[in-house]
Amino acid sequence: MIVDAIERLNKAGVCVMVHGKGRDQILQELRDLEERMPEWDYQNTCWNLLHQGHTRIKCSTTKFFLVLPSDLETWDNSDQSTRQFRIYFMCDNRRRTSDRKESSQRLHLSNHPGYILKRPQEFLNKYGDYILKVLIMMKRGYSNYQYEVPPLHTFKILWNCDPSVIGGHLTRDNLGPLVDKTIAYLQDLSPPPWKPRDGPRLGQSSTIGCYLDTNDDENTEGNLLRYVKDNRGVYWACQAHVHRTINQVYLDELRAFVDGHGGHVDMQQATLKVELNSPVEADQFRKLLTSTKHIFDISIKLGWKAMRSFAAGLFLDIAKTGTLALEVDGVTLDIQPQDHVHCASNLFADIRKETELRFITLLNYPRSQEQCVHVGGFILQSSSSIKTLCNMEELDFDLKRIGGRLFSKNTTSGFQEYATALGLALKNHGVSCVTKVSIAVSSWIVGFDPGQGSVVDMYTMDFFSHPSIYSSKSLRNLTVDLHDWDSEQQLLRLVESNTDLQELNISYYGGNVLECSESIVKMCHDSSRSLRLTLLDRMIDTQGRIIAQLDIQRRNGGNCAHGGSASNLDVDLLLWECDHVFFSLSDFSISLLSTAAQQHPLVLAFFTLDITSLSAIGIASVDNFLSQSSLQHLRILCSPFDLVLSDHITKVLQSIPWFTLKTLDLTGDNIDQWVQLWPPTDAPRLLSLIIQGTSSESQELSHRSALLIHRLIYVSPLVELIFKNIQMQDKNDWQLISENFGPVVAEC
């Protein structure tokens with residue numbers, strides 16, 4: 001077009017100049033560019049061949065291979081049955097600035113006789129374009145900053161190839177004719193049966209081994225070793241070029257250690273399996289692995305109950321070596337939190353943020369829902385073994401592709417469509433045994449049943465931001481993070497609408513755990529349902545700790561009302577580690593605490609004694625658990641009470657373990673009435689004492705109350721004494737109270 005424009009202008013008598021260049025000079029430069037175009041095209045093709053392709057985790061072969069005729073002498077162009085081919089893998093060797101040996105810088109054939117191709121025409125249909133480009137590059141040669149491909153006529157491609165190993169299939173005499181014959185054969189195919197590509201596409205790398213004619217015990221990697229780079233690239237190289245990057249001394253020590261601990265090191269596949277039976281052995285393994293300077297896919301079996309912090313540190317150090325796939329068997333950690341921080345990735349949450357670890361297999365966890373495989377950002381769970389998964393990086397690719405197309409819809413039908421697509425993808429990858437796929441998105445996590453095409457698991461920090469999930473009515477597991485109990489009724493309606501719900505996990509911050517439990521138990525029995533309720537602490541210092549776990553059984557007929565005892569509600573306390581009661585008590589909560597004290601060691605440390613909602617029977621039952629506790633912080637709401645309850649309240653006060661108390665808070669407008677019932681026990685040694693009235697006017701305390709306060713102050717090493725809304729009937733009692741208090745200021 002440019003030349004035509006110049007010619008038209010010249011015919012019109014216009015003298016054309018471009019950047020000071022005339023017509024003839026411009027035409028000559030265009031001809032020069034046209035002559036150089038094939039070379040540029042060749043350079044671009046070679047660059048793409050060398051720098052694109054399947055440098056992914058589960059590459060079953062090197063991305064470089066030659067396909068040549070098995071025997072030129074028996075080749076007959078007119079007889080397809082004589083056109084047999086053999087495939088030869090090449091060492092993915094790259095330039096290293098630290099290695100000045102010329103022979104160490106080149107791409108070369110593996111020292112292996114190659115493999116006969118099964119179904120050669122089918123193989124050529126898939127890879128013909130790539131094979132042709134590689135052959136042309138090998139014939140001409142190519143070089144850039146990272147690769148050197150020696151021209152075929154130099155025979156340097158046969159570096160380190162032992163004739164006794166490769167046999168007569170490839171020699172200096174037949175290499176050139178074999179390459180020429182294959183190039184001519186592929187170029188004569190018209191039209192070519194393949195699509196242009198620069199290497200095996202995603203999903204095909206793992207199928208190359210299917211075309212190799214091998215014995216059952218023969219490897220399919222052509223004597224090459226899998227080598228994982230710290231940038232997540234995966235390469236296949238010969239032993240000589242892999243070992244130049246390894247600390248051989250530490251590698252030998254690592255192999256000896258692994259062999260002595262029920263394991264095995266496979267250098268060809270870059271995999272390592274080991275059994276560790278103590279923290280000392282784990283530390284030894286950690287040191288050897290990090291010193292070897294080689295990256296393995298690792299399988300570990302732990303033979304002891306590892307503390308969570310130790311296991312997290314061990315796995316983090318392993319991941320920092322560059323490990324991409326980690327399998328952990330026999331984990332029985334002391335704490336298995338499922339709160340808003342840990343429920344998506346368990347103890348690997350921080351590890352995956354800091355390292356390249358992408359695939360994690362967790363086996364033999366205490367909880368069934370934690371027997372899973374982490375594939376990228378997805379969590380696969382199954383009722384059967386899923387140790388031998390398919391090519392996981394290809395599955396990861398497909399799961400992400402499906403999610404990008406469907407997950408953003410955020411509608412009930414969209415999620416059902418997504419779950420169905422997941423099922424098809426898993427079936428195509430041969431893992432239809434997976435029963436649930438979970439994915440974390442921002443502040444919420446959702447689990448899908450790929451077989452049923454439904455949403456079955458849900459966690460959210462923003463309780464009501466995803467109504468489409470809740471309206472599905474197919475949830476089997478729900479984890480909610482509540483900052484308060486204002487939305488308790490909405491939560492109950494949600495639980496009631498999802499009739500297949502089996503597990504409810506509530507992560508809360510200082511809420512009324514007993515009241516919530518009572519409401520859910522009542523709802524379950526009113527609707528004749530079974531449910532497992534787990535309450536999790538989300539306070540900063542104890543985040544993720546399981547407070548309580550209740551197994552609510554289906555009731556055979558009849559309803560229960562608030563006020564029924566836990567023993568009559570078919571509730572099994574699987575775990576009870578609730579150390580606080582901050583709110584008012586009910587007969588149900590008293591019964592629950594009493595049952596917990598009988599079945600589990602009571603860890604109650606913070607307790608609020610509020611009897612305003614208790615019956616006489618409920619008050620009489622409080623001492624059943626208080627006497628077994630080790631209270632440190634006690635708050636008594638001194639509310640009015642009927643005198644007929646005096647004996648019950650006195651019994652409760654007598655059951656308090658006063659000798660363990662550190663803080664005491666007497667709050668209310670009837671402090672004097674409660675002091676009248678105070679037992680003649682040894683006074684506690686308090687660090688904090690708070691006396692406060694709650695009415696608009698100051699409450700006047702009697703001399704008897706002043707004497708009790710004086711006794712508490714006298715025997716206690718107080719660091720805090722607070723009076724709020726309090727006066728003394730006898731003003732001289734202030735002097736009695738303060739005479740032994742020292743420098744601490746009382747707030748009146």
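Strand β12 (residues 325-329) has five of its five residues buried, so it is largely enclosed by the rest of the structure. Buried here means under 20% relative accessible area, with over 50% called exposed and anything in between partly exposed (1.4 Å probe, protein chains only). Strands are DSSP runs of E with at least two residues, helices are runs of H or I with at least four, and both are numbered from the N terminus.

Keep in mind that this is a predicted model: local features need pLDDT of at least 70, side-chain atom pairs count only at pLDDT 80 or more, and totals for chains, interfaces and linings use all residues. Residues are numbered from 1 along each chain as its sequence is written, and side-chain values use heavy atoms, leaving out hydrogens and water.

Which residues of β12 point one way, and which the other? A325, E327 and D329 go one way, while L326 and V328 go the other, and all are buried.

| Partner of β12 | Sense | Bridges | Facing residues |
|---|---|---|---|
| β11 (residues 297-302) | parallel | four | I300 opposite V328 |
| β13 (residues 359-362) | parallel | four | I360 with L326 |

Now for the whole protein chain: there are 22 helices and 31 strands, and 54% of the 748 residues count as buried. Taking contacts (heavy atoms within 4.5 Å), 69% of those between residues at least 6 apart in sequence join residues at least 24 apart. The accessible surface is about 34,100 Å², and 49% of that belongs to carbon and sulfur atoms; such areas come from the Shrake-Rupley method with a 1.4 Å probe, and for residues only the protein chains shown count as cover.

Notes: Pairing = 2+ DSSP bridges.
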